[in-house]
Amino acid sequence: MDRRRFLTLSTAVTGAMLLSQCSIPSQRPNRLLKSQSGQLSIDLAASPTAVNLVGMRSHLLAYNQQVPGPQLEVRPGDTVEIRFTNQLDTPSNLHFHGLHLPPTGEADNPLRMVAPGETALYRFTIPADHRAGTFWYHPHHHGNVASQVAGGLAGLLVVRGDLDEIPEIQAAQEAFLVLQDFDLNWRGQLQEPMPMFRMWGREGNHISINGQAPPTLPLPQSGLLRLRLLNASPSRVYRLQLKKHPWHLIATDGGALGEPVETDEVVLAPGERAELLVPGTREPGTYEIVNLPYDRGTMDMMSGRMGHGMMGSGRMAHSSAQAEPIQVARLTYQAGAAAVPLPKALILVESLPEPEISREFVLDHGIDAQTGQPFLINGQAFDHSRVDAQAKLGSVEDWWIINKAGLDHPFHLHTNSFQVISRDRKPEPYRAWRDVVNVRAYEVVQIRVPFRDFAGKTVFHCHVLDHEDQGMMGIVEIAA
Ligand code: C2O
Ligand code: CU
Ligand code: CU
């Protein structure tokens, strides 16, 4: 597939995209900010910034003028200090997605607001027993989340730990892939979605990988490549396949699995992460990772509400589901590396005790009596002053997430990771820590949550950020 095809998700915008593809050099690789002697102390500013995105001058929103933002790396026990300046013209804040931190004060507090022009200090310690994994940071001011993340505000936050010390994994070549999509006009300016696309959850007409065109990554012959993926798009679900080559899942959102699991497709809902090992054991050559079409339920809605015949045309097509596979990365065999086998065991994922309480959360569309918002949990839209569930610190609960709507709603919980127990009452095949689970249209998913270490109010919500902004969020208060 050529670059042009990749850059353009629909024929409607082809003309415009080609015009803008003169040879602007790509932005420089993203900066890595690593903790030193147990401390990470940085300044982070969110601002409108022009960057060269996939060869096109684009007017985005960026942390420290980079899209994605700088990659932060810490270890369990480290202290972190971030002086965050909001240079946007809308309120913002920082959320440390997937980290097990206090949801209060100057830590991972989603109810905090940093007004335009303000600087706020974020301060916390990574717990000494924190799991290693691929986490991320992004804005979380209710009502502004989708447009700010869609503008490019997102960055990796990596916790290094026991998983990284497994000898085979230590010897693996490592690559991070941050998947973002942007809805840009021919001038490279962000477009706000029409109300209907905001309802579905906006999808962009450009996909970038680490802010660039699809990379070519070296795959050590008879060695291992460790891929670490983040879906930082506001609504798009990626359905990834490595063509004609095996790959093995080794970690989900909350860290390592017990052992590698060979997979075919990797489906990443917004906010989700996955890590894979690719063993260099096939015929040397170049292999392609592609993103396959995925229907979140919008195809149905489109034909239901609009009739047929509009699918292939204009803005309708480019803001909706992609019709053909598109390239995300190429892996090229590289000779001369030492042989590394796949590790047999990874990190034990504990089995959680039976829950003390089971609750239901019904996700649906409607009209909230108070706010008029359309995306509801248990019949209500988000209200920052209401507590939707009271959990006891130290307890374990089962949450049944019941999707009564015809759209997927990726459910996300802050502060504590959970394990999926069943989907449509079918037991989950292996244990894994997650903080996002895609609850498909009309699906029922059972998750088990241990409430550990931190008391206070925290949130759960749909990670289609337009849905979160339009009401699909609630508060759980964890009481000591
Ligand atoms: Cu990544 Cu509350 O979100
Ligand atoms: Cu989060
Ligand atoms: Cu949703």
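Donors here are N, O and S atoms within 2.8 Å of the metal (3.2 Å for Na, K and Ca), and since water is not among the atoms, sites may look incomplete.

**Ground rules**

I noted that this is a predicted model, where local features need pLDDT of at least 70 and side-chain atom pairs count only at pLDDT 80 or more, while totals for chains, interfaces and linings use all residues. Residues are numbered from 1 along each chain as its sequence is written, chains are lettered from A and ligands numbered from 1 in the order in which they are written, and side-chain values use heavy atoms, with hydrogens and water left out.

**Copper, ligand 3**

I started with the copper ion (ligand 3). His409 (ND1), Cys462 (SG) and His467 (ND1) coordinate it at 1.9 to 2.1 Å. Along the chain, I read the spacing of these donors as H-x52-C-x4-H. Histidine 409 is in strand S25 and histidine 467 is in helix H9 (residues 465-469), so I have a pair that links distant parts of the chain, 58 residues apart. For the record, helices (H or I, at least four residues) and strands (E, at least two) are DSSP runs, numbered from the N terminus.

Are histidine 409 and histidine 467 buried or exposed? Histidine 409 counts as buried because its relative accessibility is 0%, and histidine 467 is buried with a relative accessible area of 0%. My cut-offs: buried means under 20% relative accessible area, exposed over 50%, and partly exposed in between (1.4 Å probe, protein chains only).

**Copper, ligand 2**

Next I looked up the copper ion (ligand 2). Its protein donors are His95 (NE2) and His412 (NE2), lying 1.9 Å from it. Here too the pair links distant parts of the chain: histidine 95 sits in strand S6, histidine 412 in strand S25 (residues 409-413), 317 residues apart. I checked burial again: histidine 95 counts as buried at 1% relative accessibility, and histidine 412 is buried at 0%.

**The sheet with S6 in it**

I followed S6 into its sheet. Five strands form an open sheet in the order S1-S4-S9-S8-S6, with mixed pairing. The edge strands, each pairing on one side only, are S1 (32-34) and S6 (95-97). Neighbouring strands of this sheet are turned by 25° against each other on average, direction ignored. The axes behind such angles are lines fitted to C-alpha atoms (for helices over the stretch in contact), and angles run from 0 to 180 degrees between N-to-C directions.

S1 pairs with strand S4 (residues 71-74) in the parallel sense over three bridges. Two strands count as paired if DSSP finds at least two bridges between them. Leucine 33 stands opposite leucine 72 in S4.

**Histidine 141**

I found histidine 141 in the loop between strand S8 (133-138) and helix H3 (145-150). Histidine 141 is buried, with a relative accessible area of 18%. Its side chain makes a polar contact with the side chain of asparagine 144 (2.8 Å). A polar contact is a pair of N or O atoms within 3.5 Å; within protein, one must be able to donate a hydrogen and the other to accept it, and residues adjacent in sequence count only if both atoms are side-chain atoms. Not counting residues up to four places away in sequence, histidine 141 touches Pro91, Ser92, Asn93, Arg112, Met113 and Asp469, where contact means heavy atoms within 4.5 Å.

**Aromatic pairs**

How many aromatic pairs are there? I get 14, with rings of Phe, Tyr and Trp (its six-membered ring) pairing if their centres lie within 6.5 Å; planes under 30 degrees apart count as stacked, over 60 as edge-to-face and the rest as tilted.

Tyrosine 63 and phenylalanine 84 form an edge-to-face pair, 6.5 Å centre to centre with 65° between the planes. Tyrosine 63 lies in strand S3 (residues 56-63) and phenylalanine 84 in strand S5 (residues 79-86), so the pair ties together parts 21 residues apart in sequence. Both tyrosine 63 and phenylalanine 84 are buried.

I also looked at tryptophan 399 and phenylalanine 460, an edge-to-face pair at 5.3 Å centre to centre and 75° between the planes. Tryptophan 399 is in strand S24 (residues 396-403) and phenylalanine 460 in strand S30 (residues 456-462), 61 residues apart. Tryptophan 399 is buried at 0% relative accessible area, and phenylalanine 460 is buried at 0%.
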